Amino acid sequence: MVADGPLAAPAGSAWTAQGMTPRISFTTDPASLGPAWPHMADRGEHRALPFQAADYLGTWMATIGASRGTRPLFARVDDEAGRPVLLAPLGIEKRYGLSVLGFLDGGVVDYNAPVLFERAAALGETDMRQLWDAMRRALPSFDVALFEKMPPDILGWPNPFRFLATSASRASGHALALSGDWDAYARTRLPRAQDSRRKRRRLAETGPVSFEVAASAADAQRFLEAMIGQKTRRYLETRGIDGFDRPGYRAYFRTMTERFLPGGEVQLCALVAGETIVAAHWGLVAGDRFYYLMPGHEAGNWGRYSPGRLIVENMIEWSYRQGLALFDFGEGDEPFKDEFADTVVPLFGAELAVTVVGQAYLGARKLRRGLARGAVGRRVRVFRSRRWRIGREPVQFSASAPEC
């Protein structure tokens, strides 16, 4: 246990209105919280996204967290009877010589949020700011807090961390409500349905086409390696660096798959033409929601068939057939999401400096973001991409060479 203590609630707050004398505590060992922290498969009187479930976080800490040197700090806020009000998976990392507090993310989490219990639904801005002041005093020293990709609510209950937001995120979340049934959706709402049917017919000319969901360890390994290879190519083409080279990334996806595929929380699927996996996807299923998280698809001549879009259609159909209620496309404003999604989820960020060094860091961070969005950032990405291609791909002199 790191620190704990009662929170002095101001008059007029939800704490006092509900007769609560809240208490905040931190621990570096989530096992000490026992059954209070729900698992992905748990259903009960709480609201939680899969990214903040105890078993998910255990895998995250053993892979990405350990590789990044993250010091986890699990925050728990209880009422006067010791019943949990909210739980927040936080951590402190060293970046550029600074101590940075944030949610446990590392680039694989689409939505950062606490776990909420019934009494948290009434918390307002005054309550959250009071709670943040208490948390800041109880936590080990840090320079700046970065709370990123925060949704406004958690499965229908207001997200109290939203009240700390200093800006809207650059990207939003997107989702599709799976109302009605698949046949009606495919007939009346599926975007570009005629074009998709035409491309499926053309794809079938290359070999038998099938949509496959991994049901065995062998399938899972084959689909996962295909996705990683396809996504790596895309990272290098668009960013000039391989996103899977980030600390713990490959271990995270492999360990998550081994641990959660048997229970159905991880879903791995592929669109196969002949002997070729032309598209693959790694996602999560939690409650009545499918989370679209890590897609990959083949390029070159395969691009003419739009395999990335075709596998999305297959996954939406699969989600309908499984009786799910929502297809969550996650964080990111890729144009194809506007075609499929019927809901946009605004996301928020909070950048909160607590030291002079932290204030300087936020100033430099703002400048760096501006440069990255401008001409300098585009030149850097093009240079990195060209350097990768020269080093790894054979030089093509034919005018009819397949698109890279």
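Rings of Phe, Tyr and Trp (its six-membered ring) form a pair if their centres lie within 6.5 Å; planes under 30 degrees apart count as stacked, over 60 as edge-to-face and the rest as tilted. By this rule, a search of the whole structure finds 30 aromatic pairs.

Take Phe244 and Tyr249. Their ring centres are 5.8 Å apart and their planes meet at 75°, so this pair is edge-to-face. Phe244 is buried (under 20% relative accessible area; exposed is over 50%, partly exposed in between; 1.4 Å probe, protein chains only), with a relative accessibility of 1%. Tyr249 is buried too, at 1%.

Now turn to Tyr252 and Trp282. Here the centres lie 6.0 Å apart and the planes stand at 55°, so the pair is tilted. Tyr252 belongs to helix H7 (residues 249-260) and Trp282 to strand S15 (residues 276-286), so the pair ties together parts 30 residues apart in sequence. Helices (H or I, at least four residues) and strands (E, at least two) are DSSP runs, numbered from the N terminus. Both Tyr252 and Trp282 are buried.

A charge sits over a ring if NZ of Lys or CZ of Arg is within 6 Å of the ring centre and within 35 degrees of the ring normal. Arg47 lies over the face of Trp157, 4.2 Å from the ring centre. Arg162 places its charged end over the ring of Phe348, at 3.6 Å from the centre.

The model is predicted: local features need pLDDT of at least 70, side-chain atom pairs count only at pLDDT 80 or more, and totals for chains, interfaces and linings use all residues. Residues are numbered from 1 along each chain as its sequence is written, and side-chain values use heavy atoms, leaving out hydrogens and water.
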